[in-house]
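Me: I have a chain open here and would like to go through it with you piece by piece. Could you keep the answers plain and say how each term is meant?

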Amino acid sequence: MSASDNAFQELARIFSTRNNRILEIEILPPALGPLLQDECSVGITKKYLVQAFVTARRIFFGKSSSKFEYGTPRTPHENENESVPHGSSHAVLEDLLVSTEIILLFDCEHLTACNWRRGRLDALKRHHDLSSDDPGPLVQALETELTLMTTYICSPLHRHTKSPTLWQHRLWVLSRLLETRGMGARRPPFVSPSETNKHQESKVDLLKSELDIVFRAGELHPRNYYAFNYIRQVVGVLSNATKAQEGPSALAESILDSTLSWCLAHPSDISGWMFMLYLLEAVPRADLQPNTVQRVVRYALDVGWEGESLWTFVDLSVKALDLEETVINTLQRVTGISYTTIVTVPDDSMKNTALPVQSWKSWLTMARKYWDGYNQVGYNEP
């Protein structure tokens with residue numbers, strides 16, 4: 001057996017025995033390799049992964065010419081009344097599944113491998129829709145695909161956490177899973193109030209679990225626009241099955257506090273702040289919007305934060321939610337210190353240039369005056 005085939009077999013064993021567990025995969029330095037595994041933690045050297053990829057690609061393109069119906073491979077040269085022996089067809093399917101998993105581990109933007117996996121799941125869903133069989137196998141296949149995507153997205157890999165292909169594929173799989181479970185847009189038109197409440201609770205739990213995955217990806221790859229755009233789309237998908245006025249606002253409110261906590265823990269991440277603004281705009285409660293922005297401003301004042309991302313969020317919140325008075329009142333907490341909404345930026349490049357209140361630098365300059373005033377008051381006290 002060649003080195004490439006041996007690498008493929010070892011990595012294939014790990015994937016085939018995953019059993020819906022979420023793995024954490026990282027690239028090892030050559031001195032620690034080539035492959036280490038401790039429960040769900042897997043380390044592999046780049047060279048060993050390349051060797052496994054070479055064999056996986058050869059197997060995939062060698063066997064993917066088979067056409068699949070309901071997840072069972074069928075060669076295009078077969079007669080309509082002939083069938084492939086079950087054992088051999090199952091072996092081909094397993095080879096293709098594990099080959100695409102290894103291919104996507106090496107190249108997360110490999111559209112051919114990703115589309116093949118999507119086509120197989122689509123075939124399973126069409127079979128379920130036509131036969132009305134027990135949805136268990138389809139649900140299991142979709143859940144397995146989600147945990148695979150979680151493995152890629154939440155592992156400390158260079159590109160996977162910010163892969164548009166993987167995030168879009170995850171959204172597609174999640175949408176099919178919701179439809180299969182009866183939680184998608186195609187729900188029964190008449191449901192009891194108790195069923196509606198239970199339906200909403202399950203959606204909130206699902207949204208929170210997806211948000212945790214986005215947070216993890218955002219920690220691994222800061223300013224992860226693709227991750228936070230994905231969670232925006234998840235809110236939209238889950239809102240399709242609820243009332244137009246209550247659905248989006250209830251979902252947004254359910255994750256507002258956790259999102260704010262994450263943003264305050266990562267104040268330089270502009271993607272998180274823009275998602276925070278998206279949630280605030282979706283929440284109709286008048287008290288939540290000013291209270292949330294006030295908490296952000298107070299945090300910045302307390303820790304002396306001058307970063308652009310946080311103050312850009314404050315500036316955009318003022319514009320979108322009409323919270324100018326709230327922010328100004330928060331910035332004028334030192335007795336005897338007054339401020340104006342038109343301030344002068346002390347930067348040398350913009351000396352003597354007055355900025356309107358719409359600029360985030362205006363709010364930062366007001367915060368600096370707050371800090372100066374606070375220091376003066378504290379210094380003069382006996």
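Me: To start, where is the place of Val237?

Reply: Val237 belongs to helix α8, which covers residues 225–239; helices here are DSSP runs of H or I with at least four residues, strands are runs of E with at least two, and both are numbered from the N terminus. Residues are numbered from 1 along each chain as its sequence is written. The model is predicted, so local features need pLDDT of at least 70 and side-chain atom pairs count only at pLDDT 80 or more, while totals for chains, interfaces and linings use all residues, and side-chain values use heavy atoms, with hydrogens and water left out.

Me: Is Val237 exposed, partly exposed or buried, and what is its relative accessible area?

Reply: Val237 is partly exposed, because its relative accessible area is 22%, and the classes are buried under 20%, exposed over 50% and partly exposed in between, with a 1.4 Å probe and protein chains only.

Me: Leaving aside its neighbours within four places in sequence, which residues is Val237 in contact with?

Reply: With those neighbours set aside, Val237 is in contact with Leu171, Ser175 and Leu178, where contact means heavy atoms within 4.5 Å. As for C-alpha atoms, those of Val237 and Leu174 are separated by 9.2 Å, although the two residues are 63 apart along the chain.

Me: Stepping back, what is the mean pLDDT of the chain?

Reply: The mean pLDDT is 82, and 77% of the residues reach 70 or more; pLDDT is the predictor's confidence in each residue, on a scale from 0 to 100.

Me: Where does pLDDT stay under 50?

Reply: One such stretch is residues 72–87, for which the model has 23 contacts beyond four places in sequence. Another is residues 341–346, where pLDDT also stays under 50 and the model has 27 contacts beyond four places in sequence.

Me: And the overall make-up, how many helices and strands are there in the chain?

Reply: The chain has 15 helices and seven strands. Of its 382 residues, 46% count as buried, and among the contacts with a separation of 6 or more, 64% come from residues 24 or more positions apart. The chain exposes about 19300 Å², of which carbon and sulfur atoms supply 51%, with accessible areas taken from the Shrake-Rupley method and a 1.4 Å probe, and with only the protein chains shown counting as cover for residues.

Me: Now helix α1, which of its residues are buried?

Reply: The buried residues of α1 are Ser4, Ala7, Phe8, Leu11, Ala12, Ile14 and Phe15. They lie on the same side of α1 because they cover an arc of only 155° around the axis, the arc being that of the directions from the helix axis to the C-beta atoms. Helix α1 covers residues 3–16, and its 14 residues reach 20 Å from first C-alpha to last, close to the 20 Å expected at 1.5 Å a residue, where the expected span is 1.5 Å times one less than the number of residues.

Me: Changing topic, is Ser163 buried or exposed?

Reply: Ser163 is buried, with a relative accessible area of 0%. Its place is the loop between α5 (136–153) and α6 (164–180), and, not counting residues up to four places away in sequence, Ser163 touches Cys108 and Glu109.

Me: How many bridges join strand β2 to strand β3?

Reply: Four bridges join β2 (residues 35–38) to β3 (residues 41–45), and the two strands run antiparallel; strands count as paired if DSSP finds at least two bridges between them. Leu36 stands opposite Gly43 in β3, and in the hairpin, which has two residues between the strands, Glu39 takes a positive phi near 60°.

Me: Last one, which residue follows α12?

Reply: Gly304 follows α12 and has a positive phi, near 70°. Gly304 is in the loop between α12 and α13 (308–321), and its C-alpha atom is separated by 8.5 Å from that of Arg368, 64 residues apart along the chain.
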